[in-house]
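My notes follow in the order I looked things up.

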Amino acid sequence: MGKYSELYIDDVGSLTEKQQKRKQYMFLIRELVGREIKRKYSRSFLGIIWSVLSPLLRMTILAVIFSQIFDRAIPHFPIYIMTGQMIFGLFTDAANASLTTLVDNRPMLIKVKFPMEVFVFTRSYSAFVNFMYSMVAYILMLVVFRVSVTWYVLYFPVIVFFTLLFALGTSFILATAYVFFGDIKHLWAVITQLLFFTSAIFWSVDDLTGVIDVVVRANPIFNYIHSARQVVMWQEFPSVGQNIQMIFWGVFAYALGYAVLRKNKTKILIKI
Amino acid sequence: MKKRFSLKLILLILLLVFLPSKTVQAEGETIAFGSEGYLWNLNEQVEVGIHFVAPYPVNQLEMLVTFEDRFLEFIAGGELIEPGVVRLAPGPLFDGAYSTMLNFHTRMAGDTSISIRYVNVHTDVGINSEFPSVTSPIRIEAPESSRLGGIHINGYDLEQFDSALFHYIIEVGYEIEMPEIGVTTIDPEATVEISDRNLSVGENRIVIVVNSPVTGSAQYVLTIHRQEASETPIVEEETVEEETDFAGLTSEASVIHEANPSVATRNQVIFTIVLLFLVLVLIALFYLKMNFNRTRKKEEIRRRNEERRLERRRRSLQTSQDANEYQKSSLDDYEDFDHIEDFRLVDERKIVLQVEGISMDFTREKDEASSLKELAIRIIRRKRNINKFRALNDITFSVKEGEVIGIIGTNGSGKSTLLKIISGALPPTEGSVVVDRDKIQLLTLGTGFDGELTGRENVYLNGAIIGYSKEFIDEKYDEIVEFAELDGFMDEKVRNYSSGMVSRLAFSVATIRDTPEILILDEVLSVGDAHFKVKSNARIKKQIRSGSTVLIVSHSASTIREICTSAIWIEKSKLMMYGDTASVCAAYERMNK
């Protein structure tokens, strides 16, 4: 393997230089995120308002349909659905967008020297920004349905943070894999479907038994959704087990994903 | 369990103490049941005492005892004339008194009653049948596994539900025509039947029967008052209903929480309002946007025309001179280069870039497995046809400060790969590059340009990508726009730009920076129309002249000759020649012939 070494030792301390670099990357990520979001809505009339509108509409559809199907309805069903959907949406938006990010940004990856993690960060960050816009709709609905929110809700950002961490880790792995195998895209679509149905977004887990119960409870996304519902709707604190699961999945996925991307960096550059 | 038991006890005491008399007295006759109310268990033998007393002799007494056949099975004590009706006809009664016991078997749990009707007293005087009927309430307790665990109406739990109580009174709004009734049973094996749920305005009775295969059935009754249309549908207050069936005893039990079903209705109303609101907002925004677009389009067209006019004028002014001027200017530059070269001949310069034995291999599978399935098959068959392709083979050279190096070679000889390795985009397979990477700048045009963004946004985005800080772009923004001659177009989407405008902007952004210490150019960049070409060439040359080290890749010997101080010739991945421009270019041209 080739290596680079520095011929000159800079007079400027390396710390400030590092900070400079970090600042530059942050600026870059912000600009790239801006591009993603502007592009996403560039040909629509309502633009960014869709970020608020679409979770509302999706919630309405699910709530209307499923309250008709299930006779034993869940209290605050619209909020129940919306909480699930927002967390799930954050994860899938980040993962789906990140999947193709390295391939999409091929020219930039080759010509410009900055770490390729930046591209994954960008897409996940876009998903997060989108999520924050959806929060507007979410808060609106909490008021409309008179969900009495207590200070437990302060734990909500923590849950979102770990969800994002988990999403980032998954994104790293997916983006790397997609460079080598285009099939991942289709496979991932199927897995997303599976995750959707095992995340208890529109049904209650109370009556579950047997294998499906185990599957659902092992699903990390369900755990995030469930915890979010607990702190927002039910004024409960997630149990210790849930917390451990939450942190474990977030940190583990991130570490694994980061390692995978790092390890394959050269291969990706050559392959691309 | 204990609670339920104590509840029973209280009921029993109340039953014995507070019950108003159910005795019927007319002209001195007394017709009564043995008890004012009955509390039985399911599947047991029970007795009902019937007492008749008259202060005169009776020739014949005739009475009908009615009961609900579903709850009670008649066993003995009278003549069963039809299901649920027992006839008693004793006589003659000389003392006017009569007592008897009827035996029943309880066959279903729930609240029911037993009545004495149609009493005919035959005396010497005649027949007296003017007796009101006498009724005694009966509650048949359900065993645990025949009971319901809960009742939900339109998804809301019936709050007052107690599995030992069989009757509930509920009030609902007019808009509920058919409530959803869900129940849970304590015994999972039990089945439930619910009667017709259609509600008419006023009082409705819905019967829920639980059938447990083990312990038998129990019946729960919901009395639902559906409000009239005019009444306000939103009610949340509790309505306290007095239940008199069980002699006022169960009034506690039948204090029913209303409200829950109407919460559901209220949600629906809110839902509709929110949706309507959203739709309205959508329409309003749509309208605004349309208007806005229309005005903007007009403006755009106006601007376009203006630009076209300007451009035409400029062209007419310049076309005549352009060619000459361009020639002249490049000649000037060429002369300038001679000076620089002279200046640079003084050596003792530092080596800023050292390329040591670089090789680059690309492994390509012959026909690449682009799918997992293919890969799996290939791995299993061990038939991965890997082709090693050597793009660069042991390249070594060094560049001193201030040199302008031309890298020459035919297409596909590995020039671009070499540039990528030097700029750090690709790590080499073998060898190393010694350089301060922060000082290297690969000049690229329009990386990350996006048609959907405005000119201004693209300047910031592209700037960020090629490494400008925000402050730097803020500071240089006006200069960039001015150089690109795009004043007034910066807030338009780049997709509406002409290709010339895009390349002018890209060039302007890429070259605004202070000259980097090591500049790498993939082909000399000159973009735009003839007029702008002059400008862009001048700027590139200024950068080259300003004392930085420059690497230029080109396949044209004339460009290299014009600008460079020395040249590197790479052919078929190998370094063919490295030396002064003239001789390298001569050798290259000779080979090409």
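What percentage of the contacts in chain A with a separation of 6 or more come from residues 24 or more positions apart? I found 78%. Two residues are in contact if their C-beta atoms, placed from the backbone, lie within 7 Å.

Ground rules. I am reading a predicted model, where local features need pLDDT of at least 70, side-chain atom pairs count only at pLDDT 80 or more, and totals for chains, interfaces and linings use all residues. Residues are numbered from 1 along each chain as its sequence is written, while chains are lettered from A and ligands numbered from 1 in the order in which they are written.

Chain A, overview. I counted 12 helices and 1 strand. Helices (H or I, at least four residues) and strands (E, at least two) are DSSP runs, numbered from the N terminus. Of the 272 residues in chain A, 37% are buried. Buried means 20 or more other C-beta atoms within 10 Å of the residue's own, with C-beta atoms placed from the backbone.

Helix α6(A). I checked its span. Residues 117-144 reach 40 Å from first C-alpha to last, close to the 40 Å expected at 1.5 Å a residue. The expected span is 1.5 Å times one less than the number of residues. Just after this helix, A:Arg146 has a positive phi of about 50°.

Cores. I then looked for nonpolar cores, meaning sets of buried Ala, Val, Leu, Ile, Met, Phe, Trp, Tyr and Cys residues joined through C-beta atoms within 7 Å. The largest has 135 residues, and A:Leu90 and B:Ile520 touch the most other members. Helix α3 (residues 77-99) of chain A gives the most to this core, 14 residues. Leaving out residues up to four places away in sequence, A:Leu90 touches residues including A:Phe128, A:Phe131 and A:Leu164. Another core, of 50 residues, lies apart from the largest one and includes B:Leu42 and B:Phe104.

Contact between the chains. Chain A puts in 39 residues and chain B 48. On the chain A side, α1(A) has the largest share, 8 residues. I sorted that side into 20 nonpolar, 8 polar and 11 charged residues. Ala, Val, Leu, Ile, Met, Phe, Trp, Tyr, Cys and Pro count as nonpolar, Asp, Glu, Lys and Arg as charged, and the others, Gly among them, as polar.

Chain B, one strand pair. Strands pair if DSSP finds at least two bridges between them. B:Ala32 has B:His51 as its bridge partner.

Notes:
Buried ≥ 20, exposed ≤ 12 C-beta atoms within 10 Å, placed from the backbone.
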